[in-house]
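Please look over the sequence and the structure below before reading on.

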Amino acid sequence: MQNKGLFRTMAIIIGLICAWQLIFTIKSRQVENKAEQYAQGDKELRQHYLDSVGNLPVYNLGVVKYTYNEVKSQEINLGLDLKGGMNVTLEIGVSDLIRALANYNTDTVFNAALKRADLMQQDSQEDYVTLFGRAFSELDPNASLAGIFNTPDMGTRIKPNTSNADVLKIIRDDTNAGIANAFIVLRKRIDGFGVTSPNIQQVPNHPERILIELPGVDNPERVRNLLKGAAVLEFWETFDFQEVADYFEKVNTVVSNVVAAKKTVQTSPTADSGIAALAPDSVGTVAADSTDLFGGQQAAADSTNLTAEQFKEQYPLMAAMQFIGRGPLIGIAIDRKAVEDYLALPQVQAIPRKISNEGQLKFLWTAKQETFDLGNGQPVTGYGLLAIKVTSRDGRPPLSGSVITNAQQSFSPLTNEPEVEMNMNAEGAKTWARLTKNNIKKSIAIALDDNIISYPTVQGEIPGGRSQITGMASVEEAQDLANVLKSGKMPAPARIVQEEIIGPSLGQEAITSGLWSFVIAFVLVLCYMLFFYSKGAGLAANIALIVNLFFLVGILAAIGAVLTLPGIAGIVLTMGMAVDANVLIDERIQDELFSGKSLKQAVTDGYKNAYSAIIDGQLTTLLTGLVLLTFGSGPVKGFATTLIIGILTSLFTSIFITRLIFEARIAKGKDITFTAHATRNWLQNSNVKFLQNSKLFFIISGAVLLISIGSIFTRGFNYGIDFRGGRTYVVRFDRNVKVADVSDALGKVFVERPEIKTYGGNNQVKITTEYKIDDMSEDVDDEVESLLYKGLQDGGFIAKDVTPDRFATDYRLRSEKVGPTISDDIKWDATKAIIGALIVMFLYILLRFRNWRYGLGATLALVHDVLIVLGIFSLFYGIMPFSLEIDQAFIAAILTIVGYSINDTVVVFDRIREYVHLHPKRALDSNMNAAMNSTLRRTFSTSLSTLVVLFAIFFFGGTSIRGFTFALLIGVAIGTYSSICIASPLAYALRKKQQKQQDKSK
C-alpha cells in the first residue's frame, strides 16, 4: 500500500484527538459521581456541590489546569431524551411586529389583511410578509400601504407616494430586524436562567421560529412564563373602588336586562345564550365596606331569599364576581370568563367609561390568583380585577419599562420576603417622582404584559428612580422577573408552537436501554465476524470496528454534537453497516486466493477491486444522511449526524486500518485466513436463475404492493402529532390500568375522548389529544395540563394526596406539543426529503453507471421498498403491541432504508458492470445471473449482521424507538430482497427492451 506511513500517522493523530476529547467527559463524570455520593440523592445538595467546585481545577495536564466548568463545557453533550429537560419552539408573531410598525393603525382593510394572512399561513410555505401583501391587494387593489405605515417612526423611509412593493420590502427588513432582536432578548433570558449547556438557535428556513433546548429543567411552567412573555412593563395610576361603583351599578343593570332578554327569546334549553354559563351555586355576598354597591347591604340581605338562578338574573355581576372594594381592587372573579363576557357586551361597551374629569376607566386582571378573607370565615380565591386610570390620549401608561436600567432580586428589609429592586434612568426617575407625588395614599398598578403583578399604595414621593416590586411568591419568581426586565422587552409576543418535556427518570431509562442495546449489538457483530471470517480476517475487522467506534465517539465529542437516543441507534446501525466494507474486502480477497494468487497479491488486488463497490455503497448512504440532516430536526438530526460521521470513520478504518493489519502480518511471514471452516463453502458457486424467475418475483411483489396500497387508501395511517398537531403525554401509574378506563376519565374533562395507548408496561400509557391545539393564548398549556391532572385524579388513577408538582415530576414522564402550523411544515419537509432522496439516488446511479435504465430500475425498487413499509405500518397499526405512528422518526427510518437498499443495489450493479466488461461476448442474462450469484455471500453477511444489530435495538433499545427500529427491520429485509429480485430484473428488462428496439430499427 502506497503512503502507508501517511495513513498510520493520520490514524495516530485522529486517535490522540479523540482520546483528548474523551478525557473531558471522563473527568466530568468523575466529579459528578463524587457529587452524587456527597448529596445522597438530594438534588439541591448535589447542585450546591457542583457549584462549589465549578471554578476549581479537576484535571491537570502539565502546567495547564482545567476547572470543572471548563471540563463540563467540552464533554459529550447528551440530548434531552437521555437526561431529561425541555425542548421549546417559539414563534415570534410577525403579525404583531407589523401592527407595531403601523403604530397599531385601526384601518379596516389593514387589519382584515392581517387576519387573512394568518389563515393563509396555515397552508402555505411562503413568508408572512408576502402573504400579508397579497391579502391586502386582494381586499382592496387600490389601497395604499404607504398611508398606513407613514408613521412618525417610519416617515423618513416611507413617503405618501411610496409603492406597495417598496413598503413591503421595508416591512420585511424591519420584521427580520425585530426577529433578530427577539432572538437576542431570548438568549439573554436563557443565560440568566442558569441552566447548564442550553441551546438556542433559529430554525432553518423559518427565522421567525426559535428552538430552545434546556437540559435538566423540571419546571416547565416557569420556563413558559420566562420565554413567552413580551416583558412589556407598565406603571398605571388607578381609581379607588368608590370612584367606579356607579359605573358598575349601571353595568349590572344593563347585564341584568340582557340576561332577562336572552331568557325570554330562548326557545331551546340547549340554545346558546352568548354569555358564559355561571356555576349554579355561585351566590356572592357583598364586602362589609361596599355598602353603596347596588343598593348596599340591604340588597344583599334581600338576595338571601332568592334562588341561585334568580340571584344570577337580578345580580349577574355579583354572581360572577365577589366584590371586594379595597383600593383599586374591584373584586375577585368567581367565574372570570363570565365577567369578561359581560364586560365585552356591546351594551356594556356603550356605557361611558370616563370617570369625572380624572381619566378613562380600563380593566386589568392580576397575574396570579389571590386569596382574600372577608371576615366571615369564608375566604375567596381567584383573579383580581383592578380599576386602571388612563390619562393619556393614546391610551399609553405614564411610565413604561423602557426606563429601567437595572433589575435584581433582593429581599425586603421589613419582611425578608423576595422582591425585585429596579433602577431607572434620569427621565424615568423624574416621571416616577412626579407620579408617586401625585398619588400619595393611592395605589400604582405595575403591569407586566397586561397582567398586574403588584399594586402597592404610595406612602410618599419616591425620588432617585429606585423602586421595588413586592408580592413575589418565591425567590425563583423574583429572579425570573428581574431576569426578564434586565433582558429587555420583546418586540412582539412569542408563542409556543412546539414543546417537548422529558422527565429525568425517563432520560435515565433511555440511557440504560440505549447502552444495553449498544453493548449487545456490538458484541453480536464481533462474534459474527469471528464466526464467519475466522480469527484472521474476522479479528482484523473487529479491531477496525473497535477503532471505528473510538473515532466516532471522539469526533462527536470534538465537534460538540448532541448525543440522543436515535443517535445511539445511529451508532449501533453504523456498526452493522460498517461490516459491509469489511465483508466486501474479505470476499474479494478470498476470490483472488481461489484464483491461485499469492496472499500478498490477493490482498492488493482484493482491495483494488473492492474500492468501487465500497465507495459507491457508502456514498449513497452518505447522501441519504445529508438529506436527513438537511430536512430533519431534533433527534432526527442527531441520528443523521452519527450516521454521516460513522460512514466516514467506517471508510477510513475498513480500508486503511485493516490493510495495515494485513500487511503487517504478511511482512512477518504470517498466514491470514479469510473464511472459517464452517462457512468456507457457504453460498459458494451458487447458480440461482434470478432473471428466469423474475416473473415470480414480480407477481409476489405486485400482490404485496396491491395489499399495501389498498390498506393505505382504506385504513390510512396512524399519524403522530408531528403530522397532525396535538399534545401527547406519557404517564406512568402506580398500578396497571385499562386504556378504556383512562379514556373515560379524561373524556369528562376534555371536549373529546383522547386517544390512549399502552406504552411499554400495562402501568404506562401514552395520551394523545387535540384539545385546544389551535388556541394560542398564553395560559392554554398550563390549563390543559391542569385538566389532565384533574381527570386522572378524579378517575382514581392517582392518589388524592398527589400534588400537581409531584404529578409533573413523578408520574408524567414525557409531554409533547406540536401546533398545526408546525405539523404542516413537518409534513412538507418530510415529502421534500423522500422525493429529494429518490431523485438524488437516481441521478447518482445514472452518473455512476452511465445508463438511465440502471437508475430507473434502482429507483423503482426503492419506491417498491417504501410502499411496502408504508403498507405494513398501515395494515398493522393498532394490532402490534407497540406504536406504529407515522412521525419524524419514521421518515428518518424510510430515508435510512432508501440508503441501505441503494447500497445493496449498487454493489450488485457494480458486479454486473464488472462481469459485462470481463465477458463481453456472454449473453446479458448470463452475466447478470453470474454477477448476482457472486454477491450472495456478501449480501447475506451484510444483511444478517445489520438485522442482528437491529434486533438488539428493537428488544433492548427502549419503547420510544421501537416503532422506528421496526421500520428499519422491515426495510432492511425488503431492501435486501429488492436489490437482487426487483432492481436487477427491472434493469435487465429495460435493457432488453432497448436491444429489441435497436434490432428492430436495424
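**From a surface patch to the interior**

Phe956 is partly exposed, with a relative accessible area of 41%, where buried means under 20%, exposed over 50% and partly exposed in between (1.4 Å probe, protein chains only). The model is predicted, and local features need pLDDT of at least 70, side-chain atom pairs count only at pLDDT 80 or more, while totals for chains, interfaces and linings use all residues. Residues are numbered from 1 along each chain as its sequence is written, and side-chain values use heavy atoms, with hydrogens and water left out.

Phe956 sits in helix 32, residues 936–956; helices (H or I, at least four residues) and strands (E, at least two) are DSSP runs numbered from the N terminus. Together with Trp516, Phe951 and Phe955, Phe956 forms a nonpolar patch on the surface with about 470 Å² of accessible area, and helix 32 gives three residues, the largest share of this patch.

Strand 8 (residues 321–326) has five of its six residues buried, so the strand is largely enclosed by the rest of the structure. Strand 8 pairs with strand 9 (residues 329–333) in the antiparallel sense over four bridges, pairing being called when DSSP finds at least two bridges between strands. Within this pair Gln322 stands opposite Ile332, and in the hairpin, which has two residues between the strands, Gly327 takes a positive phi near 60°.

Terms used:
Patches are made of residues with over 30% relative accessible area and no salt bridge: like charges are joined within 9 Å, nonpolar side chains (Val, Leu, Ile, Met, Phe, Trp, Tyr) within 5 Å. Accessible areas come from the Shrake-Rupley method with a 1.4 Å probe; for residues, only the protein chains shown count as cover. A salt bridge is a side-chain nitrogen of Lys or Arg within 4 Å of a carboxyl oxygen of Asp or Glu.
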